Each structure stands twice: as structure tokens, then as C-alpha cells.
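This report describes one protein chain, from its secondary structure to its surface and side-chain contacts. Please look at the sequence and the model first.

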Amino acid sequence: MAIVLFGMAFAAAGYALTGGRCDFTSRSATVPSRFEVLVAVGYSERARTVLEGAAR
């Protein structure tokens with residue numbers, strides 16, 4: 001029972017010190033399912049070669 005009271009006191013003190021603000025930041029990631037690559041007409045074959053992993 002004493003440990004529960006200690007935990008409650010500790011949580012209340014932390015809440016009071018931060019003013020109730022969260023101390024973490026939630027993040028999410030956007031992961032594309034496909035890409036579009038735009039290149040000048042003269043570089044299209046080279047771009048295709050590089051994207052296929054056969055670059056020299």
C-alpha cells in the first residue's frame with residue numbers, strides 16, 4: 001500500500017512540475033509505395049540504368 005501512495009505522490013509531483021504537458025513527442029512516418037523520377041529526355045536511358053542498379 002505504501003508503494004502505491006509513493007507512486008501516486010511521485011506522479012502528482014511530476015505532473016505539477018511540468019504543468020500537465022506531455023514530455024514526449026509523437027511521430028509518424030510517411031512511407032511511399034512508389035516513386036516518380038523526372039529526367040530530361042537525353043538522360044532517360046542513363047537514369048533507367050542507374051535505377052536498375054547497373055551504374056558504372
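The secondary structure of the protein chain consists of 2 helices and 0 strands; helices (H or I, at least four residues) and strands (E, at least two) are DSSP runs, numbered from the N terminus. This is a predicted model, in which local features need pLDDT of at least 70 and side-chain atom pairs count only at pLDDT 80 or more, while totals for chains, interfaces and linings use all residues. Residues are numbered from 1 along each chain as its sequence is written, and side-chain values use heavy atoms, with hydrogens and water left out.

**Surface**

Of the 56 residues in the protein chain, 2% count as buried. Buried means under 20% relative accessible area, exposed over 50%, and partly exposed in between (1.4 Å probe, protein chains only). The chain exposes about 5800 Å², and carbon and sulfur atoms supply 62% of that area. Accessible areas come from the Shrake-Rupley method with a 1.4 Å probe; for residues, only the protein chains shown count as cover.

A nonpolar patch on the surface is formed by M1, I3, V4, L5 and M8, which together have about 610 Å² of accessible area. Patches are made of residues with over 30% relative accessible area and no salt bridge, with like charges joined within 9 Å and nonpolar side chains (Val, Leu, Ile, Met, Phe, Trp, Tyr) within 5 Å.

The 17 residues of α1 should span 24 Å at 1.5 Å a residue, and the end C-alpha atoms are 25 Å apart, which agrees. The expected span is 1.5 Å times one less than the number of residues in the helix. Just after α1, G19 has a positive phi of about 70 degrees.

How many aromatic pairs does a search of the whole structure find? The search finds 1. The ring centres of F6 and F10 are 6.2 Å apart and the planes lie at 25 degrees, so this pair is stacked. Rings of Phe, Tyr and Trp (its six-membered ring) pair if their centres lie within 6.5 Å; planes under 30 degrees apart count as stacked, over 60 as edge-to-face and the rest as tilted. Both F6 and F10 lie in helix α1 (residues 2–18), 4 residues apart, or about one turn of the helix. An α-helix has 3.6 residues a turn, so residues three or four places apart point the same way. F6 and F10 are both exposed.

**Salt bridges**

The structure holds 2 salt bridges, each a side-chain nitrogen of Lys or Arg within 4 Å of a carboxyl oxygen of Asp or Glu.

| Salt bridge | Closest N and O atoms |
|---|---|
| E36 with R34 | 3.1 Å apart |
| R48 with E45 | 2.7 Å apart |

E36 is exposed at 61% relative accessibility, and R34 is exposed at 60%. R48 and E45 are 3 residues apart in helix α2 (residues 44–51), so about one helical turn separates them. R48 counts as partly exposed, at 43% relative accessibility, whereas E45 is exposed, with a relative accessible area of 52%.

**Between the helices**

V37 has its place in the loop between α1 and α2, and is exposed, with a relative accessible area of 51%. The C-alpha atoms of V37 and A47 are separated by 8.6 Å, with the two residues 10 apart along the chain.
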